[in-house]
Amino acid sequence: MALNSEEIERYARHLVLREVGGPGQARLKAGRVLVIGAGGLGAPLIQYLAAAGIGTIGIVDDDTVSLSNLQRQVIHGTPDIGRPKVESAAEAVARLNPHVRVETHACRLTPENAPALLADYDLVADGSDNFATRYAVSDACFASKKPLVTAALGAFDGSLTTIRAHETGPTGEPNPTYRCLFPSPPPPGSVAPCSEAGVLGALAGVMGSLMAMEVIRALADFGEPLVGRLLMVDARSMRFETLAYAWDPDNPLNGVKTGPAAEPAGHPLPPR
């Protein structure tokens, strides 16, 4: 897709990057990304995707803006309190970059509506705020063969990975699914919600920005994505570590089991 003169100036710092350049920026312009959640992770993610020139951003969220959101959900402002988050986020994108098209979906993603929501997008980025949605998203991406960038926040820590389970790795083995890493959600009530445990607001910005990096890298086609790698961020010690994981033939999405499902090393962090 050709860039006009205004876009060439807007994206000048991308265009001089050898890894992106004109072809990469054109791929970003042609890209269609579905963002699940316009909250702590989705807010900075949507902003950086819009700034980068992603052609179409779909936003799925059924919530409204509340005062307690504003400590971390930076795409919304005080005048937006009480408004649907998809509307507030769409207006923020329009102010930031009029070349980006926003498609709003004011609903909660479920296993039933997920296939239709995902159908018209190239890639899904999940920053949802509950485990039911997170597993519904990852299962739907597996079934529809869509790449997924998914992140989570704890009070002072975060995690991020990219799932491309519809592809094979260098050895010919299938890439891992989300359920290879976390076969099932934690028991109800075992993980405190954000309202009880708290969350460091700026950490949401860090993790949402890292999500944007993964999405941009995937669409512009450069670098090495976090496939089979879980990036873990500890904000207390400012430490970044990476855990490798692989395809598990016994994971719940792989059909007939040859044995009991492996237990994860730990459950995913609670979404914020």
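Predicted model: local features only at pLDDT ≥ 70, side-chain atom pairs only at ≥ 80, totals over all residues.
Leaving aside its neighbours within four places in sequence, Glu 103 is in contact with Arg 32, Thr 56, Ile 57, Gly 58, Ile 59 and Tyr 121.

Two arginines deserve a separate mention. The side chain of Glu 103 makes a polar contact with the side chain of Arg 101, at 3.1 Å, and Glu 103 also forms a salt bridge with Arg 32, in which the closest N and O atoms are 3.0 Å apart.

## Salt bridges elsewhere

A search of the whole structure finds 15 salt bridges, and one of them joins Glu 6 to Arg 10, with 3.9 Å between the closest N and O atoms. Why are Glu 6 and Arg 10 separated by about one helical turn? The reason is that they lie four residues apart in helix H1 (residues 5-10). An α-helix has 3.6 residues a turn, so residues three or four places apart point the same way. Glu 6 counts as partly exposed, at 41% relative accessibility, and Arg 10 is partly exposed as well, with a relative accessible area of 35%.

Another salt bridge brings together the side chains of Glu 241 and Arg 239, at 3.2 Å from N to O. Here Glu 241 counts as partly exposed at 38% relative accessibility, and Arg 239 counts as partly exposed at 45%. There is also a network, in which salt bridges that share partners join Asp 80, Arg 83, Glu 87 and Glu 91.

## Helix H5 and what covers it

Helix H5 (residues 85-96) has 12 residues, and at 1.5 Å a residue these should span 16 Å, which agrees with the 16 Å that separate its end C-alpha atoms.

Which residues of H5 are buried? They are Lys 85, Val 86, Ser 88, Ala 89, Ala 90, Ala 92 and Val 93.

Key: Residues numbered from 1 in each chain as written. Heavy atoms only, no water. Salt bridge = Lys/Arg side-chain N within 4 Å of Asp/Glu carboxyl O. Helix = DSSP H or I, 4+ residues; strand = E, 2+ residues; numbered from the N terminus. Buried < 20%, exposed > 50% of the residue type's maximum accessible area, 1.4 Å probe, protein only. Expected span 1.5 Å × (residues − 1). Polar contact = N/O pair within 3.5 Å; in protein donor to acceptor, adjacent residues only side chain to side chain. Contact = heavy atoms within 4.5 Å.
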